[in-house]
Amino acid sequence: MSIFIDENICNGCKGLPEARCERICPGDLCYRKENMKAAIRDQSACWTCACCVKECPVQAIELKLPFQVCSSGASLKARLKRDKTIWTIRDADGHQEEFIIQAKCLKGDT
Ligand code: SF4
Ligand code: SF4
């Protein structure tokens, strides 16, 4: 599996001092280039935790799935909501399916 960042979608987190993908990556692998577009320092060091995929506010980051898991060319994107994460899996032919993972604990819950 690998991470792909679409530079046409990435807005550099609109100049935030630290981009959301930079802040969330446990391996410190995400960074912004001079043009403020995000990139991955070293794909081989990425353990595909998908934190950056969920954290990106404009869905610029996707997880490329290996053919052993899904059909060739399939990828996974996420939209993070307060109470759930909406995952979209898309195959090489453009067919896509959504599945929702509900949050187990919301901020402020006791
Ligand atoms: S998938 Fe995880 S380890 Fe890989 S770049 Fe994203 S946040 Fe970092
Ligand atoms: S979180 Fe998304 S929009 Fe922000 S810098 Fe990273 S890829 Fe770009």
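What is the volume of the largest pocket, and which residues line the largest pocket?

A: This is a predicted model, in which local features need pLDDT of at least 70, side-chain atom pairs count only at pLDDT 80 or more, and totals for chains, interfaces and linings use all residues. Residues are numbered from 1 along each chain as its sequence is written, chains are lettered from A and ligands numbered from 1 in the order in which they are written, and side-chain values use heavy atoms, with hydrogens and water left out.

The largest pocket has a volume of about 170 Å³. A pocket is an open set of points on a 1 Å grid over the protein atoms alone, with protein on both sides within 12 Å along at least five of seven lines; a cavity is a set of points where a 1.4 Å probe fits but cannot get out, and lining residues have an atom within 4 Å of a point. Grid points are joined across faces, edges and corners, and a volume is the space filled by probe spheres set on the points.

The lining of the largest pocket consists of Q59, E62, S75, L76, K77, A78, R79, I86, T88, R90 and Q96.

The largest cavity holds about 110 Å³ and is lined by 13 residues, with C25, L29, C46, C49 and C52 nearest its centre. That lining divides into eleven nonpolar, two polar and no charged residues. Ligand 1 takes up the space of the largest cavity; a molecule sits in a cavity if more than half of its atoms lie within 2 Å of its grid points. Among the residues around ligand 1 are I3, P26, W47 and C51, where a residue is near a molecule if one of its heavy atoms lies within 4 Å of it.

The second largest cavity has about 90 Å³ of space. Of its 13 lining residues, C10, C13, C21, A38 and C56 are the closest to its centre. Ligand 2 sits in this second largest cavity, and its shell has nine nonpolar, two polar and no charged residues.

Technical notes. Ala, Val, Leu, Ile, Met, Phe, Trp, Tyr, Cys and Pro count as nonpolar, Asp, Glu, Lys and Arg as charged, and the others, Gly among them, as polar.
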